[in-house]
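Subject: Structure handover

Hello,

Here is the structure I promised to pass on. Please open it first, then read my notes below.

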Amino acid sequence: MLIGRKVLVKDEVDSTNELAKALAQEGEPEGTVITARRQRAGRGRTGRSWESPEGGVYLSVILRPDLPAPDLTMLTVLSCLPVAQAIEECCHVVPRIKWPNDVRLRGSKVAGVLAEVCYRGGEPRFMVLGVGVNLNTDPALLRSPGAGSLRELCGKETDPDHFLNVLLFKLDDMYQRFRRGERDVPLYERYSESIGQEVELCLGDQRVRGKGMHLEYDGSLVLRSEDGMIYRATSVHEVFPLEQGQVRFETGNVH
Ligand code: BT5
């Protein structure tokens with residue numbers, strides 16, 4: 001096992017991703033995991049924040065994958081799969097993956113993935129893969145619209161140590177196979193609420209309705225619009241599932 005060979009457990013940090021990046025800069029080897037019980041300044045994508053009260057699981061993994069950039073974005077997208085599988089195994093529910101980086105249960109976001117790649121001379125030097133899961137979080141402490149706590153949604157607490165072990169095992173398995181060139185795309189698609197589904201793509205001010213078709217080799221999502229046009233969504237775009245014919249807009253998330 002590579003991921004989780006060494007696990008640093010912290011009580012409170014600003015962000016496990018920030019700490020992991022600092023350690024990786026100093027030469028910390030691949031596979032080291034940093035976890036914290038709380039984060040003072042947990043981060044999401046593009047400057048967004050990640051609420052990190054006690055009860056959640058917050059971790060970052062240092063990876064040195066030696067892979068080209070398109071593979072790294074694919075790796076990021078596929079990292080939602082072990083998160084969803086760990087939730088399924090430990091909480092006995094089947095969550096869905098909302099492309100590119102959300103894990104949701106019954107429409108509520110219960111986990112998110114944030115991957116950050118550090119480049120030197122145009123080449124990836126290391127990657128930090130951060131995962132936040134609202135495992136036993138008091139729902140009253142989650143203020144983000146659409147956020148959900150697994151404790152509330154499942155009606156019970158889950159042993160966080162067991163959950164962490166299962167998650168690290170599944171992340172490790174996915175990563176080792178990814179490095180051998182294996183891509184669990186069919187399995188990913190079974191958990192996806194974006195592929196094979198009616199979705200809406202936000203392209204700046206433009207909104208396009210269509211069907212999520214498949215993942216590209218670089219993790220981007222291919223959509224076919226209602227008028228037959230093909231679009232490729234990259235991770236800066238937002239794609240929302242259309243539920244019961246309803247359009248879901250989340251203000252502030254459009255880029
Ligand atoms: C993410 O970003 O979903 C990535 C979250 C990654 C968090 C982990 S925790 C360990 C590691 N260390 C860090 O500092 N970060 C990583 P994004 O797709 O940009 O979603 C952010 C948005 O989700 C926010 O703007 C809120 O709307 C919402 N949000 C914030 N906190 C949430 C929470 N705890 N649960 C559900 N939704 C949340």
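F126 sits in strand 7, which covers residues 123–133. Please bear in mind that this is a predicted model. Is F126 buried or exposed? Its relative accessibility is 1%, so F126 counts as buried, the cut-off being under 20%.

Which residues does F126 touch, once neighbours within four places in sequence are set aside? The contacts are K21, A24, Q25, L63, R64, E116, V117 and C118.

**The whole protein**

The protein has six helices and 12 strands. Along the principal axes, its C-alpha atoms fill a box of roughly 50 × 45 × 30 Å. For 255 residues, a compact globule would have a radius of gyration near 18 Å; the protein has 17 Å, so the two agree.

Of the 255 residues, 52% count as buried. Contacts in the protein with a separation of 6 or more were also examined: 64% of them join residues 24 or more positions apart.

**Helix 3 against helix 5**

Two packed helices are described by the angle between their axes and the distance between the axes. Helix 3 spans residues 80–91, and helix 5 spans residues 160–179. They pack at an angle of about 140°, and their axes are 9 Å apart. That angle is why helix 3 is oblique to helix 5. Their crossing is right-handed.

On the helix 3 side, the contact is made by P82, V83, Q85, A86, I87, E89 and C90. Helix 5 brings H162, F163, V166, L167, K170, L171 and M174. By class, this contact of helix 3 with helix 5 has 10 nonpolar, two polar and two charged residues.

**Helix 2 against helix 5**

Helix 5 also packs with helix 2, which runs over residues 69–78. Here the angle is about 155° and the axes are 11 Å apart. Angles over 145 count as roughly antiparallel, so helix 2 is roughly antiparallel to helix 5. The crossing of helix 2 and helix 5 is right-handed.

Which residues meet in helix 2 and helix 5? From helix 2 come D71, M74, L75 and L78; from helix 5 come M174, Y175 and F178. The contact of helix 2 with helix 5 divides into six nonpolar residues, no polar and one charged.

Best wishes

Methods
Residues are numbered from 1 along each chain as its sequence is written. This is a predicted model: local features need pLDDT of at least 70, side-chain atom pairs count only at pLDDT 80 or more; totals for chains, interfaces and linings use all residues. Side-chain values use heavy atoms; hydrogens and water are left out. Axes are lines fitted to C-alpha atoms, for helices over the stretch in contact, and angles run from 0 to 180 degrees between N-to-C directions. Helices (H or I, at least four residues) and strands (E, at least two) are DSSP runs, numbered from the N terminus. Angles under 35 degrees count as roughly parallel, over 145 as roughly antiparallel, 65 to 115 as roughly perpendicular and the rest as oblique. A crossing is left-handed if the near helix is turned anticlockwise from the far one by less than a right angle, and right-handed if clockwise. Contact means heavy atoms within 4.5 Å. Ala, Val, Leu, Ile, Met, Phe, Trp, Tyr, Cys and Pro count as nonpolar, Asp, Glu, Lys and Arg as charged, and the others, Gly among them, as polar. The radius of gyration is taken over C-alpha atoms; the globule rule is 2.2 Å times the number of residues to the power 0.38. Buried means under 20% relative accessible area, exposed over 50%, partly exposed in between (1.4 Å probe, protein chains only).
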